[in-house]
Amino acid sequence: MCTLIAVPLNTIFGVMFAMLVVRRRMRGRNFFSLFADLPLALSPVVIGLSLVLVWGIHGWFGGWFFEHGIRIIFSLPGMVLATIFVSLPFVVREVVPVLRAVGTEQEEAAEVLGASPSRIFWRITLPSIKWGVAYGVILTTARALGEYGAVAVVSGRMTGQTETATIFVDSQWTQFNEEAAFTAALVLAVIAVIVVVAVNLIVRKEDIDGHHR
Amino acid sequence: MGIIAENITKRFGDFTALDDVSLEIPSGSLTALLGPSGSGKSTLLRVIAGLEVPDTGRVVIDDVDRTADRPRDRGVGFVFQHYAAFRHMTVFENIAFGLRVRKTPKARVRERVEELIDLVQLTGMAKRYPSQLSGGQRQRMALARALAVEPRVLLLDEPFGALDALVRRELRAWLRRLHDEVHVTTVLVTHDQEEAMEVADRIAVMDHSRIEQVATPRNLYESPASAFVMGFVGPLTVLDGQQVRPHEIALDTAPVDGAVRGFVTRVIHLGFEVRVEIAAEGHDDLWVQLSRHDPIVSALGPGVPVWARAVGNPVPSHASEHDDPVAV
């Protein structure tokens, strides 16, 4: 569930972020690109705790939401936030180098031919970076499914309510429910294998495309 | 009419790419911007297209001030050095792109694209992808794509720069014929003086972010405005402290009054042209261009004493005021 919400959002954020970093000549874009890497360097548990700090009932924003009847920490929004934050770098990391490699000539050519910015993005930019995006989406999915630390902190681990697959594996295991733990773990492992195979297929496809350049 | 660029200055950080440049390009002409890399010629072309915004100055195309217009509103066609082909589209779709953006009716798009495919000699290749074309074919496709929307001006940025020598020569001649058919005002950026001389009616020579001279190819060669232009549009050598064209030197194997004495160090046969390198006594080394039919050629070989004197027009006196010429 978290993954279903987080992956599409991260795809959009990631592509926007990458466009911003690569295509705009703006101040502080190096700082922005560092920011995108931050979740890779931070321990997920730390990320979870910082989210609690900001969005918890006594946090900076959490209090306001709580007064309006929206719970963020210990419920789905918090878990989605945690998943988004942890898996944010993957689309950005994949798309940035592809955008750089593709260059601006095709976009400029389209612009001179009269295309609007949105048309240029949908008809020119996106088709040329689509494999980078796909690769990033797959990695994001893998990371989002496998995330444990940050989500465990913000979810409150309420069985059957705020439980992700990894949290389920862990709690079943600690309750000596080995059968359930192993079954869930196997499902996750199979998904992981599928993801790795998919990534490989894409990399190969990119190689073939590359030869025609 | 045509293109007027007025007092254009463009800086990138500390680097001044264009320093108060003004240029007029007559309607229907084919003008080359010629200069070494980093001279500002590509930047000037991109300013005309609107792909770069100048810090000062204005751009007028067909009597309309376009300085503030976006590239897509300027009615220009642009061809890039590396083709900028839309890789995921077929030749047909590439050429049709500009027409579809303008919401041209389908039947008209088909008609126009087919017409252009014939014009650029890609008949039968409409369904191919750019990856299935050679470099020369890709560039012709890019040219058709730029011409499809009937631009007021056609801007070509080193269009043959990425092609091999033979294809280059072919495409140059083809571009000249195309221009004679289509008559669209064309600006060609190149660093190759032979290309500029062969294709263009007028050449603007650029160096160090400024325009050095604008002239016809012939005038440029015969009366260069500066030592830089002289060195850039043809070979130069030094005889008796003076810069001369190497084919405007006469050689003798017997003493001649007022000639510089030296010894042949090397004779290079380049087909029709024969190049003779000479170590001059008390002067800089020089080289001389002869034709293979010149009777003296058979008498020349390493170590042969020769007397060299200038026979061409003297170098314009104002030419020596400038920096050292670039050897070609």
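Mentor: Start with one pair: the side chains of Thr125(A) and Glu107(A) make a polar contact at 3.1 Å.

Trainee: What makes the pair Thr125(A) and Glu107(A) a polar contact?

Mentor: A polar contact is a pair of N or O atoms within 3.5 Å; within protein, one must be able to donate a hydrogen and the other to accept it, and residues adjacent in sequence count only if both atoms are side-chain atoms. The distance here is 3.1 Å, side chain to side chain, so the pair falls within the 3.5 Å limit. As for the source, this is a predicted model, in which local features need pLDDT of at least 70 and side-chain atom pairs count only at pLDDT 80 or more, while totals for chains, interfaces and linings use all residues. Residues are numbered from 1 along each chain as its sequence is written, chains are lettered from A and ligands numbered from 1 in the order in which they are written, and side-chain values use heavy atoms, with hydrogens and water left out.

Trainee: Why is Thr125(A) called buried?

Mentor: Buried means under 20% relative accessible area, exposed over 50%, and partly exposed in between (1.4 Å probe, protein chains only). Thr125(A) has 3%, so it is buried. Thr125(A) sits in helix 7 of chain A, residues 117–146. Leaving aside residues up to four places away in sequence, Thr125(A) touches Met19(A), Leu99(A), Glu107(A) and Ile120(A), where contact means heavy atoms within 4.5 Å.

Trainee: And what makes Pro77(A) partly exposed?

Mentor: Its relative accessibility is 37%, therefore Pro77(A) counts as partly exposed. Pro77(A) belongs to helix 5 of chain A, residues 76–102. Ile5(A) is 72 residues from Pro77(A) in sequence, yet their C-alpha atoms are 9.8 Å apart in space.

Trainee: How many helices and strands does chain A have?

Mentor: There are 10 helices and zero strands in chain A. Both kinds of element are DSSP runs numbered from the N terminus: helices are H or I with at least four residues, strands are E with at least two. Of the 213 residues in chain A, 40% are buried.

Trainee: How many residues take part in the contact, and what area is buried between chain A and chain B?

Mentor: Chain A brings 19 residues and chain B brings 29. About 2200 Å² is buried between the two chains; buried area is the accessible area (1.4 Å probe) that two parts lose on being put together, summed over both. Glu105(A), Val112(A) and Leu113(A) supply 31% of the area that chain A buries against chain B, more than any other three residues.

Trainee: In chain B, are His208(B) and Ser209(B) buried or exposed?

Mentor: His208(B) is exposed because its relative accessibility is 58%, whereas Ser209(B) is buried because its value is 7%. His208(B) lies in the loop between strand 9 (202–207) and strand 10 (210–215) of chain B, and Ser209(B) is found in the loop between strand 9 and strand 10 too.
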